[in-house]
Amino acid sequence: MAGRLVFTHDDLLRCRFAVSPLWEATAAVRLLGEPHRGTLRRLWPEALRERSGTDLGLDPLPLLSPRPGYTPDFLAPPPPGPSVDLEEELAALLATPVDRVSVELERCLLDPRRGLPGPVTGPLLADPGRTLERIALALRRAWDALVAPHWPRARALLEADVSLRARTVAQGGLREVIASVAPDTRWRGRVLHLPAPSEGERTLDGRGLVLMPSVFMWPESVAKTGEPWQPTLIYPVHGVGRLWEAPAPGPAGDALARLLGRTRARLLAELAEPATTTVLARTRGWSPATVSEHLSVLRGAGLVRSWRVGRRVFYTRTPAGDTLVAAGGREHPGEDPRRALA
């Protein structure tokens, strides 16, 4: 993996954001095998914390996510656009050239630090094409078991993060965004230095950098810089603890609900970060028309503001809205792990 990314003027213009369902599936599998991940693991529903890759029929995925060690980049190629679905990404996965699959599998499975026995690695390396098909089936199972039940809220959170970072780009530039999502990186001129153990250098040559939030990562960011893939920086989504919050407000939130109405109170609480009508509707399972009606009332009262980016309209709380939510006491200090991930 390259430890230094060299940007040209064209690269700075071609950096983009993306959301990848397939990456979330691979990251969820890795999290299953990392009980030491502390806070993020504790936020998972208990039924998931007690499962393993073997229980879910995910072989050979657990073997392909070593730490330390190399995880094959073809498992989650950079998505071609800002929002793709799982079927598109699985099709791209299955289209990976077999020789590329073979090279990356060997690098992962034959790492001498791992000392994997031949009877384990041999069948996977003997027929890379067949192994790729097994991987695609296992990733679909991982998606169904670990990600799909939470995807509407997860996607809403990811899209809200992208809108937040896009606003930061407009206000402070790319440098400020990368500093906020990957504080261990350092700029020196046109060169972005990634944290150890990455080494070597890669010139982006006009391909730019993909910035991708993830709900199954915390607290570190991960850079994928190997050829022939477009360099990608994957970082923890802002407010990941909100994904596992109970939908209903607590007793103190009921006071705000009595003042504004339950739906408007929940909408106002959701708008700590920018979100669109569609995102808000997905988060709570309401119709877009219902959300739009209540947002109009909140905006008329000066509690939320809106702005347009292309065809999408984003909403967020005003200072008056922040004050009202804080006064409602919905958030309390304490040892709730979600607070560490907000």
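**Rings, burial and strand pairing in a predicted model**

Biologist: What makes phenylalanine 7 count as buried in this predicted model?

Modeller: Phenylalanine 7 has a relative accessible area of 1%, and since buried means under 20%, the residue is called buried.

Biologist: How do you know whether tryptophan 187 is buried or exposed?

Modeller: The relative accessibility of tryptophan 187 is 18%, and the cut-off for buried is under 20%, so tryptophan 187 counts as buried.

Biologist: Why is the pair of phenylalanine 7 and tryptophan 187 called tilted?

Modeller: The search of the whole structure finds two aromatic pairs, and in this one the ring centres are 5.0 Å apart with the planes at 50°; because pairing needs centres within 6.5 Å, and planes under 30 degrees count as stacked and over 60 as edge-to-face, an angle of 50° makes the pair tilted.

Biologist: What makes this pair a tie between separate parts of the sequence?

Modeller: Phenylalanine 7 lies in the loop between strand 1 and helix 1 (9–14), whereas tryptophan 187 belongs to strand 3, so the pair ties together parts that are 180 residues apart in sequence.

Biologist: Why is the pair of tryptophan 143 and tryptophan 151 called edge-to-face?

Modeller: Their ring centres are 5.2 Å apart and their planes stand at 65°; because planes over 60 degrees apart count as edge-to-face, the pair receives that name. Tryptophan 143 is buried, with a relative accessible area of 11%, and tryptophan 151, at 11% relative accessibility, also counts as buried.

Biologist: What makes strand 3 (186–188) and strand 5 (201–203) edge strands?

Modeller: Four strands form an open sheet of mixed pairing, in the order 3-4-1-5, and strand 3 and strand 5 each pair on one side only. Within this sheet, strand 1 (residues 4–6) and strand 4 (residues 191–193) run antiparallel and are joined by three bridges, with leucine 5 opposite leucine 192.

Biologist: Why is strand 8 (residues 232–236) described as largely enclosed?

Modeller: Five of the five residues of strand 8 are buried, so the strand is largely enclosed by the rest of the structure. Strand 8 pairs with strand 6 (residues 210–214) in the parallel sense over five bridges, and with strand 7 (residues 222–224) in the antiparallel sense over three bridges.

Key
Residues are numbered from 1 along each chain as its sequence is written. This is a predicted model: local features need pLDDT of at least 70, side-chain atom pairs count only at pLDDT 80 or more; totals for chains, interfaces and linings use all residues. Side-chain values use heavy atoms; hydrogens and water are left out. Two strands pair if DSSP finds at least two bridges between them. Helices (H or I, at least four residues) and strands (E, at least two) are DSSP runs, numbered from the N terminus. Rings of Phe, Tyr and Trp (its six-membered ring) pair if their centres lie within 6.5 Å; planes under 30 degrees apart count as stacked, over 60 as edge-to-face and the rest as tilted. Buried means under 20% relative accessible area, exposed over 50%, partly exposed in between (1.4 Å probe, protein chains only).
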